[in-house]
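Biologist: Could you help me learn to read a structure, one feature at a time?
Modeller: Gladly; let us look at it together.

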Amino acid sequence: MGVSSSLYSSISGLSTMGEAMSVLGDNVANVNTVAFKASRSTFQDVLAQSVSTAAGSAQVGRGVTLNAIDSLFAQGSFESSSTPTDMAIGGQGFFMLRAADSSAADMYTRAGEFRFDKDGALVDPVGHFAQGWTIDSATGERAGTIGDISIGKNTPPVATKSMEVIANVDSRKSNEVNEDRLFNNWNGTNAAAINPSDPIDSTKYDYTTSVKIYDSKGASHDISTYFDRTGKDNQWEFLITCDPAEDLRALDTREQAIYNPDTRYNYKNDKGAGALMYGVIQFDTGGNITSIDAYKVPPDGQVDPAKPDNRILLGAGDSYFSFPTNFTGADTNQYIKLNLGARYNGTSSAQSQILVSDSGARALASGGDITQFINSATTWSKVSDSNGNAISQGDTFIFEGWNNGSDPVTRLVYTVKPNNTVQDLLDKLDTTFGCTASIDAKGRLKLTDNTAGNSSMYVTRFETISANNSVPFGGGTTVGLTDALKTDSGITTDGSSVVTDDTQLLVGLRGTSLPAVDVNDTFTFTGTDVDGNAVNTTYTVTATSKISDLLSSMATAYGGANSLAQAVLDGNGNLRVIDVSQSGNLAASMAYNDVTGASTGANPWGLVDDAGATSLTAITSTEAQINVTTAKRMVLAPGRAFSTNTGDTTPITASTQWDSVYDDNSDPAINGGKPRGVNDGDIFKFTGTKSDGSSQTSSYTVNLTAVPPTTVQDMLYKIGKDFACDATIDSAGRLVLTDWKADTVSSQSKLSISKVETTYNYTVVAPKVAADYQEDIFGPVTIAAGPPVVGTSDYKFNVIKGDLTSEDGSEVGDTVTTSFSPEALATTQYANSSTTIFQDQDGFASGFLQSVSTDVDGVITGHYSNGQVLKKVQMALANFSNLAGLRKEGGNIFTETTDSGAPVTGAPGTNGLGSIAPNALEQSNVDLGTEFVKLITVQRGFQANSKIITTTDDMLNDLINMKR
């Protein structure tokens with residue numbers, strides 16, 4: 001009957017209520033358990049039993065059973081903690097753990113009670129390993145995959161990679177009168193002296209500041225920056241240095257050959273030891289940086305700012321210049337970026353080629369004072385050289401060379417007229433070379449290319465012909481004694497007053513004695529012209545003849561087929577004839593004949609009537625240079641080579657293949673006026689001296705069939721090795737030899753090429769002749785009888801001596817990366833005392849862990865005794881699609897089940913995961929009020945079920961009593 005079934009229903013209620021009470025007890029017991037998640041029990045009825053009723057079939061329940069016990073993952077409150085490794089998760093997610101005896105991180109927890117064990121691993125109280133990523137301290141990015149988190153107890157040294165020096169330099173400092181560069185005043189060998197001294201004298205710079213940097217072993221080194229005013233407005237130079245004795249920078253292969261046997265900077269031998277980088281800062285008038293030039297300082301200490309040899313160029317992605325250091329003896333140097341508070345804006349610019357004369361002209365004052373330099377407005381009557389030798393009427397300057405495009409310029413022959421200003425010459429130079437010619441502050445000729453960038457503008461010949469041996473713009477090399485000739489006496493009107501006006505009529509002029517020149521008198525020119533041909537020309541005086549007419553006849557007589565002679569009347573009244581081609585053939589004599597027939601004693605220009613021909617006297621002709629100043633001796637070929645035979649002037653480069661190398665022939669009688677190319681098997685033999693003065697030869701054989709094709713660079717390698725120099729092809733197509741070492745007062749290079757021999761290898765193919773194959777690549781040669789056919793030069797290579805004094809403002813046309821824009825904190829030039837505003841560097845010595853901190857992204861940062869604050873690791877979080885499917889393992893641990901699904905991992909704050917609350921622990925989410933209410937309801941349920949049992953028992957008892 002139904003009475004007994006009610007007992008079973010009540011029993012199920014008692015059992016279920018007991019289970020619910022257990023859940024409540026567990027919740028209450030864990031009310032203070034870190035990150036504990038409360039559980040909830042839910043019930044369901046048991047399948048009902050069908051019974052018959054008057055109304056038909058009906059159902060009677062069989063009791064209750066436990067439906068589920070669910071974990072409630074609501075967020076618990078946070079408790080502050082003083083332990084930096086205590087963490088709470090604000091939002092979704094679990095910390096990932098790996099058991100010590102497991103290879104997989106398959107445990108998950110919300111309890112963030114972590115500590116570092118003895119090995120530096122982050123673990124929970126049980127010893128499970130927390131999971132996350134290692135952070136690259138250099139980039140700040142996560143490295144690798146999720147794994148055990150470990151933070152080292154110490155940190156290795158970090159070599160300095162960048163350095164910041166922000167200073168103000170005093171704009172009130174005066175410009176230097178004589179440019180005195182910092183790199184010239186630095187001498188690293190001072191540290192090796194018996195009584196060591198500072199590498200640079202304190203009077204040679206205006207301000208210095210130092211920064212302590214670190215090498216790869218953690219040793220500290222002082223890097224000093226010296227600032228000094230230059231000779232230009234708003235410009236300062238700087239020199240980055242270290243202790244020369246600590247400088248172990250490795251030399252590259254080329255430098256090892258130069259400074260053999262040294263393979264590193266050696267402060268006992270190298271002046272540049274300790275000088276890490278040289279630079280120049282240009283400020284605007286407001287004191288802000290506009291440009292920075294930077295240069296490597298070679299072991300000899302010679303930077304050569306005018307040349308690109310040591311210039312440091314920046315790439316498009318670079319922001320700052322870098323300088324090399326090496327304090328540990330490593331095989332490679334360590335580079336450090338230098339930030340002066342200005343960032344490269346990524347724009348390259350072109351600088352114009354500037355050529356400057358060797359010396360400056362002086363301005364003669366009353367009494368012959370030569371202490372002042374000339375300017376462009378100075379008249380020629382006031383111009384002299386540094387010895388007081390004055391320029392006078394008829395003195396001549398001859399210029400030859402090439403313009404920016406490598407085209408030969410029209411020879412400029414400039415004859416001085418005393419009342420003209422120097423600007424008259426400058427204007428003609430402008431037109432001739434496509435430049436802007438000027439006179440600098442030291443009286444020197446300065447030619448600035450009008451087209452910026454790489455340039456072929458060169459002055460290959462600058463000859464001065466002066467009666468007073470005046471060389472106002474420098475020079476010391478005497479050219480041929482036949483280049484300029486003059487009469488020994490001038491022309492007068494009265495025997496004493498010298499005539500210098502070439503528009504004066506000839507009739508009535510005389511020498512030192514009577515009578516004067518008259519109509520029909522004759523002047524006869526004899527000798528040889530510039531082409532080497534005999535001259536016998538007579539000029540007959542007419543009533544309208546002027547001195548200029550006689551000069552024109554004289555120039556025509558000696559000028560040869562191409563009119564390469566010039567005749568002038570000088571300031572002493574003498575006649576001069578000048579061979580502007582430097583042929584060496586000019587020989588001139590003059591005779592005068594008075595038409596009266598009998599000897600009259602007349603002697604115009606010292607030519608005695610009927611006395612026969614009088615030889616003209618040679619005038620000193622000197623050559624100087626208008627070029628780029630260099631600290632290293634340079635030897636330049638007088639000839640050059642082109643890369644086409646079409647008649648244009650595209651010069652060769654080092655990479656030009658030999659089958660595209662041609663000379664500069666333009667003689668229509670040779671090869672149709674076209675340039676001649678080299679022949680397979682041609683041999684170039686160079687004879688000269690090395691830097692130390694020892695004799696040397698170098699031979700190179702052209703191979704046009706080699707695979708891969710040979711280039712001019714192959715020859716340059718050979719010459720450079722044999723002569724111990726740098727062999728290059730300049731932008732005009734010339735062969736240039738540059739000594740490896742700079743000249744010094746005690747040691748000056750003797751590098752030279754005195755002869756070039758070319759052995760020609762060719763087969764004549766009609767209608768060509770032998771001369772069509774005998775190219776002159778590096779200069780004209782004289783062909784000897786063959787075979788073999790050998791051309792031998794009768795010239796020496798031109799020499800530019802190493803400069804031992806100071807710079808002249810010259811520079812090579814080039815593309816540079818010097819344009820900088822100031823940053824928020826920048827080096828300035830204000831009218832305040834020079835001072836350091838800020839300095840910093842990113843290197844560190846080794847250090848020990850002192851403390852850690854954690855941020856909201858779960859990044860644990862280590863604070864070390866060396867001052868480093870390094871992000872070391874980042875915590876990883878995991879989440880599940882079905883949190884209720886997780887399995888409790890005790891110890892605040894959950895594990896994955898098939899119901900929970902696979903974990904989704906990520907960094908805190910990503911993929912819907914919560915963030916980290918550092919220095920906090922999540923508390924249990926048990927609500928005691930709720931639990932107590934449930935406790936009451938469960939208790940009442942239990943009591944009610946027990947009452948059903950006792951009532952049913954009474955009913956059964958009554959039933960039994962019915963039998964009695």
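**Reading contacts, helices and strands**

Modeller: Leaving aside residues up to four places away in sequence, lysine 296 touches Asp252, Glu255, Tyr265, Val303, Asn310 and Ile312; contact here means heavy atoms within 4.5 Å. Before we go on, this is a predicted model, where local features need pLDDT of at least 70 and side-chain atom pairs count only at pLDDT 80 or more, while totals for chains, interfaces and linings use all residues. Residues are numbered from 1 along each chain as its sequence is written, and side-chain values use heavy atoms, with hydrogens and water left out.

Biologist: Where is lysine 296 found?

Modeller: Helices (H or I, at least four residues) and strands (E, at least two) are DSSP runs, numbered from the N terminus. Lysine 296 is in the loop between β19 (289-295) and β20 (321-325).

Biologist: With which side chain does the side chain of lysine 296 make a polar contact?

Modeller: A polar contact is a pair of N or O atoms within 3.5 Å; within protein, one must be able to donate a hydrogen and the other to accept it, and residues adjacent in sequence count only if both atoms are side-chain atoms. For lysine 296 the partner is the side chain of glutamate 255, at 2.5 Å.

Biologist: Is threonine 160 buried or exposed?

Modeller: Buried means under 20% relative accessible area, exposed over 50%, and partly exposed in between (1.4 Å probe, protein chains only). Threonine 160 has a relative accessible area of 0%, so it is buried, whereas lysine 296, at 27%, is partly exposed. Threonine 160 sits in the loop between β13 (154-155) and β14 (162-170). Its side chain makes a polar contact with the side chain of glutamine 841 (2.5 Å), and a polar atom of that threonine 160 side chain lies 2.9 Å from the backbone nitrogen of tyrosine 214.

Biologist: Now a helix, please. Which residues of α6 are buried?

Modeller: An α-helix has 3.6 residues a turn, so residues three or four places apart point the same way. In α6 (residues 712-723), the buried residues are Val712, Met715, Leu716, Ile719, Gly720, Asp722 and Phe723. They cover an arc of only 165 degrees around the axis, so they are on the same side of α6; the arc is that of the directions from the helix axis to the C-beta atoms. Tyr717 and Lys721 are exposed on the other side.

Biologist: What do the buried residues of α6 pack against?

Modeller: They pack against β45 (683-689), β46 (695-701), β47 (725-729), β48 (734-739) and β49 (752-760). Just after α6, alanine 724 takes a positive phi of about 55 degrees.
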